[in-house]
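Reader: Got a structure to go through. Can you take me over the core and a chain contact?
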Amino acid sequence: MDSIIEKYQLFIDLLPLLMTGLWMTFKVSMFAIIIGSLLGFFLGILRTLNNKIITNIIGLYLHIFRGTPYLVQLYLIYFVLPSFDVEFLKFDSFTAAIVSLSLYTSSYVTEIVTAAINAVPKGQSEGARSVGMSKIQSLYHIVVPQALKLSIPPMSGVYVIIIKSTALLSVIGISELTRQGENAILRLPGNLMFIYFVIALMYFIYCYPVLRFSAWAEKRYGSIGVDPE
Amino acid sequence: MKFSILKTALAVFITAFISTSAFAESTMEKIVKTGKLTIAVQTQGPPVSFVNKAGKRTGFAVELAQMMADDMGVELVVQDYDWKGLIPALISGKADVIAADMTPTAKRHMQIVFTEPVFFSETIAFAKADKGFSSWKDLNKDGISVGATQASSWSDIARKMISNAKLKEYSGGTAQTVQAVVAGRIDAGISDRATIAAFTSSNKDLVVLDGQITKEPLGFAVRPDSLHLLHALNNYKRLIELDGRLGQKIQYWWNSTDWQADHN
Amino acid sequence: MEFLSNYFNFRIVGQYTDVFIEGVLTTLVLAGICLVLSIFFGIFVALMRMSSNPFVWRTAAAYIQIIRSTPLLIQIYLIYYGLPFLIGNFFGEEATAIIALTIHSTPYMAEIIRAGIASIDRGQSEGAMSVGMNKMQNMFYIVLPQALANVVPPMLGQTAVLIKDTSLFSIIAVFELMGAGLRMYSETVIATESYVTTAVCYLLIYMMMLVFSNIVQKQLGGGAWQTAH
């Protein structure tokens, strides 16, 4: 009983530190999901326009980001890009985190958006064209709104991946949840396991509802056969 | 018409080229012009650079740089990087100076140039008290595992001086090495006395083993072309050495754990 | 070439050829072991998840959700630092890494296998039962072989993820491909060459996977196999 009270007290003591970490995790993941989705949305639409050169370039981009671990991408963007003598590429830790995570997000989103647009029945855009809409108009008014609905379930899956990937940012010294937990462990090394459990629990509380939402959305809006998770 | 566009483009290109190469300003000129001295420090490396309990970045290197910036009358900008990120940050011009406890090794000198030694580190080994080691020499045996920060001079020293033990390199830094020792993953860790003092005073299970493995000079570093700044740093070091201010800071941060009462 | 070597020092990379080859091989071996183990355990977790006994399926579901909602890095830390507390320092770094990644990737495999089992027509089982097979025989001789064949494409995708996940092993001092890059950086202090070479090696593995998966799709899959997905 005493040890439970003791752990509870410890938990209360640690909470402010871990909450600042969770807030950082939330901030970084939000930035990344918004910027990455916009970029991915744009690339995904470009990819459905059937221009061979554009499709190939985007394909190469996707292969590079899907073919290497995020940890390697993080090291490249954090350590290597600055060595090209370009002012624009000299990121500090936080910017490097956002940039790398956004690019990583966009590689998933591009694939989802392409699949979602292709999943909208061809007849829809043909119909739109036949009533005199331009290609852009039919995309904007007819295809994209439906594709967006279809992409909700896999997009929530991507969000979970991104939240979990932020844990790696501790390696470059961003004080997000994992890093703050490590800082706490340095002060209280005897409670290493307990602190890691608390961190895991906090990630769980953040991710689990999103996963449930994803499952619910898939029942509601249907699957397009892309499951990033 | 076409020709004139080409000519304008050429002119723009040449101006851009000249302004970046021929008239490139020295690091010191940049500091004078912008009024900012930018240093790169390690994210978590008490007591050299760390975030204290009040959430403020402080430490031995930060205070030294602050002192110099104050005397120069410029603003100090502190940027923190992971240990492995310090040299790339300096080379790419994100920072003017690396203010860290870095050993001027031959390999590092091929990339950057170090100031005169500002302080010295004693490389030591630490272990859990119940392991029963007394000296670091006890570690140099088959079947013993030691840990050190990846890309640090400690791992080089371990490889050389404790060659019979198995070396495990932790990319997360001293913090992870300490965690691994506490969890029983490795028998001992290699680090320096001042860095480990912070851990042993808060965790009674950890002890520093007898004997100093090596002694190493530690200095700040600049880009090879920042000669003016390098001389300025060297002379400033001698200045504060003789007026006693360097000694005070070293005593407070490096040779004692006085700082812990104020910052931990 | 002279111009290129201003940006990329091939001489130094050449000195590390052996290190990178060893890194690639270790990565492939570790990932291979984890793959076999996680498919093996994945089958059991999938069967548990599909059980009608609420205790059994809820246990499996909880395991799947907990793993999917927490970052791999935290799972690795918990297992790496936690195992010695529980059972003493019995497993080395490599074994611990394999245990951690197997625990992590089993749920993903289980979900893929479960989808595969669900895709098998009920008539198959009814047929098997009618020739006198019991439930177990039906599952292992009739349903599972077809289910596994059906899920080869998503499983290859998951294998690519698994290979990338091994990059986290470097954080707990296991030498593999990422570790090779980190060792090169630690010894030479040149970031660009170290990390770009690492990325290129991962891309080579990824390209091998792509070629392999194309061959599998062409060889094994007729038209009917494709339509199942």
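Author: A definition to start. A nonpolar core is a set of buried Ala, Val, Leu, Ile, Met, Phe, Trp, Tyr and Cys residues joined through side-chain atoms within 4.5 Å. Also, this is a predicted model.

Reader: How many residues does the largest nonpolar core have?
Author: The largest nonpolar core has 145 residues. Ile98(B) and Tyr195(C) have the most contacts inside it. Helix H8 of chain A, residues 192-221, gives the largest share of this core, 13 residues.

Reader: What is Tyr195(C) in contact with?
Author: Beyond its neighbours within four places in sequence, its contacts include Val72(A), Tyr75(A) and Phe79(A) in chain A. Lys84(B) is also among them, as are Met178(C), Leu182(C) and Tyr185(C).

Reader: Switching topic. How much area do chain C and chain A bury between them?
Author: About 3000 Å², with 77% of it on carbon and sulfur atoms. Ser69(C), Leu78(C) and Lys164(C) supply 18% of what chain C buries against chain A, more than any other three residues.

Reader: How many salt bridges and polar contacts across that interface?
Author: The rule finds 0 salt bridges there. It finds 5 residue pairs in polar contact, both residues at pLDDT 80 or more.

Reader: Which element gives the most on the chain C side?
Author: H10(C), with 10 residues.

Reader: Last one. Is Gln158(C) buried or exposed?
Author: Gln158(C) counts as buried, because its relative accessibility is 11% and the cut-off for buried is under 20%. Gln158(C) is in helix H8 of chain C, residues 152-165. Leaving aside neighbours within four places in sequence, Gln158(C) contacts Tyr108(C), Met109(C) and Ile112(C).

Conventions: Residues numbered from 1 in each chain as written. Chains lettered and ligands numbered in written order. Predicted model: local features only at pLDDT ≥ 70, side-chain atom pairs only at ≥ 80, totals over all residues. Heavy atoms only, no water. Helix = DSSP H or I, 4+ residues; strand = E, 2+ residues; numbered from the N terminus. Buried < 20%, exposed > 50% of the residue type's maximum accessible area, 1.4 Å probe, protein only. Contact = heavy atoms within 4.5 Å. Buried area = accessible area lost by both parts, 1.4 Å probe. Salt bridge = Lys/Arg side-chain N within 4 Å of Asp/Glu carboxyl O. Polar contact = N/O pair within 3.5 Å; in protein donor to acceptor, adjacent residues only side chain to side chain.
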